[in-house]
Amino acid sequence: TLRPVKVTEEEVRSFFGLWNDALKTGDPQKVADRYSKDAVLLPTLSDEARYTNDRIADYFVGFLKKKPTGEILEGNIKIGPNWAQDAGTYSSY
């Protein structure tokens, strides 16, 4: 039996910092590895949804050439038993 692990909103929000740090490496695979196995990426610079780790990494090959960094503009954190979501909008520049 899997027991729920408590997580705080601050911990959930800190995951954005880990993603942002992955961007700074310039390594598409490091960024893609920040996504869960069943993630769906709806990229800002492509009209193609990405459903696999390989396709997510492929998107970041071009995206990282811009040397982006992210900033949260609006976030909404939801926490459940053994899951958390931080959805909202952010800016990459």
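A polar contact is a pair of N or O atoms within 3.5 Å. In this predicted model, the side chain of R50 makes such a contact with the side chain of S46, at 3.2 Å. R50 also takes part in a salt bridge with E48. The points below start with the whole chain and then turn to its parts.

**Overall layout**
- The chain has three helices and two strands.
- Read from the N terminus, the order of elements is α-α-α-β-β.
- Along the principal axes, the C-alpha atoms fill a box of roughly 40 × 30 × 25 Å.
- The chain has 93 residues, and 25% of them count as buried.

**Confidence**
- Mean pLDDT for the chain is 94, and 100% of the residues reach 70 or more.
- Confidence is highest in helix 2, at 98, and lowest in strand 2, at a mean of 91.

**The strand pair**
- Strand 1 covers residues 70-80 and strand 2 covers residues 83-92.
- The two strands run antiparallel and are joined by 10 bridges.
- I77 stands opposite D86, which belongs to strand 2.
- Two residues lie between the strands of this hairpin, and N82 takes a positive phi near 65°.

- R50 sits in the loop between helix 2 and helix 3.
- R50 counts as buried because its relative accessibility is 5%, and the cut-off for buried is under 20%.
- In the salt bridge between R50 and E48, the closest N and O atoms are 3.8 Å apart.
- E48 has a second salt bridge, to R55, with the closest N and O atoms 2.5 Å apart.
- Salt bridges with shared partners link E48, R50, R55 and D58 into one network.
- E48 is partly exposed, at 34% relative accessible area.
- R55 is also partly exposed, at 32%.

**A salt bridge within helix 1**
- The total number of salt bridges is six.
- One of them joins the side chains of D21 and K24, at 4.0 Å from N to O.
- Both residues lie in helix 1 (residues 9-25), three residues apart, or about one turn of the helix.
- D21 is partly exposed, with a relative accessible area of 43%.
- K24 counts as exposed because its relative accessibility is 57%, and exposed means over 50%.

- V40, L42 and Y51 make a nonpolar surface patch of about 360 Å².
- V40 is in the loop between helix 2 (28-32) and helix 3 (53-63).
- V40 is partly exposed, with a relative accessible area of 46%.

Methods. Residues numbered from 1 in each chain as written. Predicted model: local features only at pLDDT ≥ 70, side-chain atom pairs only at ≥ 80, totals over all residues. Heavy atoms only, no water. Patch = residues over 30% accessible without salt bridge, like charges linked within 9 Å, V, L, I, M, F, W, Y side chains within 5 Å. Areas by Shrake-Rupley, 256 points an atom, 1.4 Å probe, with all protein chains shown as cover. Helix = DSSP H or I, 4+ residues; strand = E, 2+ residues; numbered from the N terminus. Buried < 20%, exposed > 50% of the residue type's maximum accessible area, 1.4 Å probe, protein only. Pairing = 2+ DSSP bridges. pLDDT = per-residue confidence, 0-100. Polar contact = N/O pair within 3.5 Å; in protein donor to acceptor, adjacent residues only side chain to side chain.
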